[in-house]
Each structure stands twice: as C-alpha cells, then as structure tokens.
Amino acid sequence: MQTTFRRPPRLALIPLLLAAVSLHAAADPLAPTARWSAYTAGRAATPPMGWSSWNAFGTDIDEAKILGSAQRIADSGLAARGYRYINIDDGWAARRQMPDGRLVIRAERFPSSVQGGGTSFRPLTDKLHAMGLKAGIYSDLGRNTCSQAYSGVDTDLPKGSVLEREIGLYGHIDQDINLFFGDWGFDFIKVDGCGLRAYGANSAKVRSGQYRALTPVLDLESVSRSDIPAVQAEFTQINAALKRNKPDGDFLLSLCIWGAADVRAWGKNYGNLSRTSDDITPSWSRLLSNFDSAARRELYGHPGGWNDPDMLYIGKGDFDADHLVEAKSHFALWAMLNAPLMLGADLRTMPQPLMDIVGNADIIAVNQDPAGNQAVLAYDADDLEILVKPLASGQKAVAIFNRGLAPIDVDLTAEHLKLRGDAPVTLTDLWTKADSTFTKETKLRVMPRETRIFRANGERALAQGVYLSEQPGSVNPAVDGVVRPQIDPTIFRSSFGWTGTKGPGERPMYAGWGGARADSTPYGQVMQIAGTPYAAGIGILVNSRLEVRNQGYRRLSAQVGVDDSAQDRKHDVIFMIYGDGKLLAKSKPLRWGQTAQALSADVAGVRMVELVARSAAGTNEHLPVSWGNAALFSSER
Ligand code: GLA
C-alpha cells in the first residue's frame, strides 16, 4: 500500500534542521564546551587525609579499635596536620532488615549504635565530629561486598536470608545514601565493586544458595569483558543520590574498582578518588605495582578528583619500624602522586618513628599543595625515577626513587626541574631539612629502595610563562583519543601471594595505554616532530580534546604536529585552540614528517582553553600527536 504524506511548509523545517544541527554538535565529543568536565562535586580540593580500618583490621572491626586510632590521631597532633577522615571499611553491617530494607549495624561490635530497638551510627559520627574529625563508611556497587565474596570464614559476614545478606547499594542507592549521609551523618563513602564482579550465576557463592546472581560487569583481568557503560551508569546514580541527600556538598566519594573497566581513564569524571590498581599489601613489590598504576596518569588527577593507588601500609611488613627506608619511600611517593594519605595501621600501637614519618609537615604540604599538580616523571627507567611536582609557590618538589637493589649515583639537573641551568638552585631535604645549592647539576647517592625528597627553589626555565606540563592539575584530557582501551604494559607485575604461584602469574591487566601524558608521547617516548625533540609538552592521541584552566595568562602557544613515533604516515591532523568555546587558532592539515607548526592564541580574559587535535579524514585512530612546548604566557607576545 502506498502511503502519501503532505510536505511540511519550508519554514516549518527550519527549527527541525536547527535541532538536528545542535544535536549533532552535542554529540561531537571534540566540540568545545567552555567548561571543566572532570568531577568537582564534594570536598576534594586537596587529596583527603585520614585513617581507614581495612589494612589494620580487615573485617574484624569494632568501635574501640576505630575510636582508639581516632584518639591517637587527635592526641598526637596528626589531626592538626590534616588527617581528618576516620573511615569504617568492610565489616560493619549485620544485615539488611526486611521488609523495609534498612541496614542494620553489628551491634555487638558497635554497642553505641543500639538505639530504641534499632541501630544507628549517629552516636559514633557525633563523637568523631566532636573530636574535630570526619567519618567515612563503606558499601558496594552490587548487592554484596568484597568480604562476602572472598572471606574464607563467615564470622564477620552478614547473616540471614539471601535478601538480608544484600547489604550493597544495588537497588537501594537512594535509601542507603540517605541513611549514611542524612540519618547517620557520614562525610565520606567508599564504594567497592565486588558485587559487580564476583556473583556470576556459576560462582561458588551463588551456588551456595546464600547469594543472588548478578551478571558480572566488572572483570579485573579483562577490560574487554567489562561492561564499562553499565558500571558508569551505577556511579551516575550514586552521584545523583549524593546531590539529593547531601545538598551542602560536604562529602567525598571514593571509587574502588581497582583500575578495572578502564576506570583509570574515566574515574576522574565520577568521583573524588579513584583506585588505579588492585589492593596494596605490605610488600615492597606490591608498592611498585600500585605506584606504577598511578605514576603515569598525571593528567588524570586534579583538584576534585585524585588518582588513588590505595591506602598507606606504613606500620606493617616491609613498611614497619624495622624498615624505615621503605616506610619513608612509601610516604614520599604517595605525597608526590597526590594520593589520598589514608593511614592503615593500628595507631594505638604505632611506634613513634613511624608516627614521625607520616607527620612530616613538609611532605604533607607537598601532597596538600593547592595547585593540585600530580608529579610528572622527569626521568623514567625501571630502576630509577625522578618525579617533579610543581607547587603553587612556584617552587618544585622533587623525589628521586631508587626502585632497585644497588645504590645509584644520580645526576639531578636543572633541566629535570625545568629550572635555569645558569642560576643557583637550592634544595631543601624534606627529611633532614638540610639546604644545599647547585648550579646546572648535582650528584646524589640514592640507596636501594630509598626515595630522596626535596623542595627546589630556582629560576624557572620559562621566563614569564608556564609549560602546560608544569600544571597537570589544570589540564584535563576530556577526550584522550583512546578508542579501544589497551592494556598498559608499564606497570610492575608483583606476584600477589594470595593464590601462591599456582596459575599463570600476574599478566598485564590495567587499561590506559595510550592515555595523555605530560612531557611524553602517549606510549612513553620522548616527543619529537620531524626530527625536533620536545622535552616539554603534552603528548596525546588524535581526535582528542584537552581542557586547560587559564589563571590569568594572556597567550597560549605550542609547536604542533604528528609525532614521529606515529606509524600512520598518510593522514592529516588539524590542531585547534579554543577560548571559552570560540575558535582562536587553527593549524593547516599536518601529517607525519612535516615540520611542526607554531600555533599561538590570545587567551587574555579566557577562563577555559581547549586544545583539539582532529583527524582531517575523521577516521584514523590511536595516532600520537604532540603539543610541543605548549605553554601559557603572561605577556601578549
Ligand atoms: C576490596 C577493596 C579493599 C577493601 C576490601 C574490603 O578488596 O579494594 O580496599 O575495601 O575490598 O572487603
């Protein structure tokens, strides 16, 4: 049958056409938005500091243990140095009460919670607040938590029917967030992911009849088996529930999906902290893994959302009072990475030398620096790394990390620090407080597993300006050009020990390879365009958009081009600079082997600069491009 329809009058088509055009524009991820798209809700202007029950006690927690550590934090002066969050991790829940679904606390472990026939954490959070501290709670994206999935014994686990054991957020997001933040007065929530990982229909837990099946959308070993949008959708609901139930914005949301599902690329858009790896253990090799999982993600952490290589393990195993070199390294490295400084020891018995390490005010100040720049790797090798963290004062913190087994004589140069080589540089040792001065370069001996950490004061190499790679806290790879997440091969693969050495070992598993980098191509090489190397700049893949906060600078310039490391020699790339959504500068189409083009734009008065590298053909993927020497200047020329 033939259908006839009347042609709408021409004018009536215009709004339809306009709608189609703007829909198209909204769908183009490279279109400028004039806004900062990373997460800024909550209270994470600097990395949170505090204590968590997990590393010290696992699920064997009680009120006395938690308050004991809180008391030591208050009495020892650590609270005054910034340690404020006292976080209850897994193990607090007795069950979900039916039929109303209200969560019930383990009353025998938390006697103060018993109130008129029910339980409430309000007395405990009131007490912590009265001590000047903040309180944190733990839950899971799924119906059940990690201890329910992985504990060998059920002593500390919720009991009752299948539904009563379902203490995770799944299906109860609004109810639980309201309970935690409204009724109970918490200020922080850690959301784990085992409920979306370990309860497949064939898992032993589900087959036991005690747990309901939930399709595993998170797979730590395989990014391709993870359902990334499904995981993100859960966090979107949690974001909305926090907004509704904590309207004053005084909260922190900690994402705990251990670097799975490519979260190292997108965690910054959904929470204040995002775990970049599996759990830390008190072993040196595990520290290396967790450090590596965050160390090359310097552009993915900013004020508001930080990379989280997991809590501190100072006080146990390789980081106990017999291993002060390792304990100091752990602390200095976490400070440089802008990691949360979450103590994980039983502080009631923590020896004073370890208390002194975590109380080092100069190193805490490096971590809490308001500019929020994660350290950038200025020297990168398997056994030695030099990390440089630009501070708000214009000084730099520098850490020299010997990962290996032999002492190393290190040449630290003014160049590593992006300071002038013809002017004196003063180094202040943040452990001994001793000052020393050098010009051009200096030699330092670094012992095995030692991290030497200094504040450096000198004349900036770039007069009147700042390289974008000197302010990673203000540069957000909103779109980093990674189309198909690839596994990052640079992360140390420590033998975990939980399963012994049965099985195939620790294979590379964290996605993020090819992500945007400061002073490096996305694949870790020195940036180079048509034979000219660039020690400074931003390396990223094509079809990318960087958001850059502009704090009063007047000009942005860069040498742009396809990086020599690209294998695609055929396709053109166009580079664009936008200011508050308006196109300010555009390159000609550039392809492999062509000399860099100088691109420059007047950004006076502009708040958000966006740097877009777009494939002219619209097709080529994973092609490294370089914004060589990209910098902001305070003068117009
Ligand atoms: C996971 C997390 C840990 C801890 C435990 C609790 O393993 O990564 O940090 O919260 O769950 O069971």
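**Pockets, cavities and a buried asparagine**

About 680 Å³ of space lies in the second largest pocket of this predicted model. A pocket here is an open set of points on a 1 Å grid over the protein atoms alone, with protein on both sides within 12 Å along at least five of seven lines. Grid points are joined across faces, edges and corners, and the volume is the space filled by probe spheres set on the points.

In this predicted model, local features need pLDDT of at least 70 and side-chain atom pairs count only at pLDDT 80 or more, while totals for chains, interfaces and linings use all residues. Residues are numbered from 1 along each chain as its sequence is written, and side-chain values use heavy atoms, with hydrogens and water left out.

Back to that pocket: 31 residues line it, and L377, A378, K418, D519 and A535 lie nearest its centre. Lining residues have an atom within 4 Å of a point. Strands β13 (376–380), β14 (384–390) and β23 (517–518) each give two or more residues to this lining, and β13 supplies the largest share, five residues. Strands are DSSP runs of E with at least two residues, and helices are runs of H or I with at least four, numbered from the N terminus.

A cavity is a set of points where a 1.4 Å probe fits but cannot get out, and seven cavities of 30 Å³ or more turn up. The largest cavity has a volume of about 130 Å³. Its lining holds 17 residues, with F188, K190, S254, M311 and M342 closest to the centre.

Next, take a look at N272, in the loop between α9 (263–266) and β10 (273–275). N272 is buried, with a relative accessible area of 0%; buried means under 20%, exposed over 50% and partly exposed in between, using a 1.4 Å probe and protein chains only. A polar atom of the N272 side chain lies 2.7 Å from the backbone nitrogen of L253, and the N272 side chain also reaches the backbone oxygen of G304 at 3.0 Å.

Finally, find strand β22 (residues 475–479), where four of the five residues are buried. β22 pairs with β27 (residues 544–549) in the antiparallel sense over four bridges; pairing takes at least two bridges found by DSSP. Within this pair, N476 stands opposite E547 in β27.

Technical notes
A polar contact is a pair of N or O atoms within 3.5 Å; within protein, one must be able to donate a hydrogen and the other to accept it, and residues adjacent in sequence count only if both atoms are side-chain atoms.
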